[in-house]
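Please look at the fold of the chain shown here, which is a predicted model. The paragraphs below go from the order of the elements to the sheet, its helices and the cores.

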Amino acid sequence: VGVNDELAWLKYESRQLDVVATIPPAEFPRVAREARYQPLLRHVTTMRTQYVGMNCRLPPFTDRRVRQALNFAANKPKLLRLINNRGVVAKGFVPPNMPGYNAAVRGYSFDPQRARQLLAEAGYPNGFSTTLWVRSSEDALRLAQSLQQDFAEVGVAVQIKPIAWGPFLEAIRRTDLVPMFLLGWEADFPDPSNFLEVL
């Protein structure tokens, strides 16, 4: 408890731990192939959603069309490939297997042309510049760099700001500092109120 996935995995491999909750993405392909791990692996859908937060109090994210544009610009299947397809594309905030999950919600497809159109309608035909704050970890940086590439395709120049976990959480709680951030939420208990009320 309290260590990152890479350290937990090293401890597991050196027999200091009996169980790990997550296999680091860099190790996952090897572990999934090795026969000795097959009886030990358990695949479950967790009640977790990872997302890009946009501060609706800071321009240009005050405009709904800008927020929608970035949703259309993000190549979510590519993001899943970066984490070895360990997940599903979120269509809403409540994850699958959670009471109240609505499979009929369509979500946002990957549509850069629609993203450019929405940005132009919002007054940003040439895009804009912003900063994406992320936790300073290899996995978060990999996802942030993929988003940076996707957003650049529609004219949005993103600077990535990696920061340690404690200061990161403190910064995103301020309403005047962080325009955009990468974060996730995992249920404390299996009820949608733990997503919809807390966040």
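Starting at the N terminus, the elements follow one another as α-α-β-α-α-α-β-α-β-α-β-α. In total there are eight helices and four strands.

The strands form an open sheet in the order 1-4-2-3, and the pairing in this sheet is mixed. Strand 1 (48–54) and strand 3 are the edge strands; each has a single partner strand, so one side of each lacks a neighbour in the sheet. From one strand to the next, the twist averages 30°.

Within the sheet, strand 2 and strand 4 are paired in the parallel sense through two bridges. In this pairing L132 is found opposite M180 of strand 4. Strand 2 (residues 128–135) also runs parallel to strand 3 (residues 156–163), and eight bridges join these two. Here R135 stands opposite I163 of strand 3. Between strand 2 and strand 3 the chain passes through helix 6 (residues 138–152), giving a β-α-β crossover that is right-handed.

Which strands does helix 6 touch as it packs on the sheet? Helix 6 touches strand 1, strand 2, strand 3 and strand 4, and its direction makes about 170° with that of strand 3. Helix 3 packs on the sheet as well, touching strand 1, strand 2, strand 3 and strand 4, with its direction at about 130° to that of strand 1.

In soluble globular proteins, nonpolar side chains tend to be buried together. The largest nonpolar core here has 27 residues, of which L70, F151, V156 and M180 touch the most other members. Two or more residues each are given to this core by helix 3 (64–73), helix 5 (112–121), strand 2, helix 6, strand 3 and strand 4 (180–186). Leaving aside residues up to four places away in sequence, M180 touches V52, G53, M54, F61, L70, T130, T131, L132, W133, F151 and V158.

For the chain as a whole, buried residues account for 35% of the 199 residues. Of the contacts between residues at least 6 apart in sequence, 70% join residues at least 24 apart. The C-alpha atoms fill a box of roughly 55 × 35 × 30 Å along the principal axes. A compact globule with 199 residues would have a radius of gyration near 16 Å, and the 18 Å of the chain agrees with this.

Key: Residues numbered from 1 in each chain as written. Predicted model: local features only at pLDDT ≥ 70, side-chain atom pairs only at ≥ 80, totals over all residues. Heavy atoms only, no water. Pairing = 2+ DSSP bridges. Right-handed = clockwise from strand over helix to strand, strands pointing away. Core = buried A, V, L, I, M, F, W, Y, C linked by side-chain atoms within 4.5 Å. Buried < 20%, exposed > 50% of the residue type's maximum accessible area, 1.4 Å probe, protein only. Contact = heavy atoms within 4.5 Å. Axes fitted to C-alpha atoms, helices over the stretch in contact; angles between N-to-C directions. Rg over C-alpha atoms; globule rule 2.2 N^0.38 Å.
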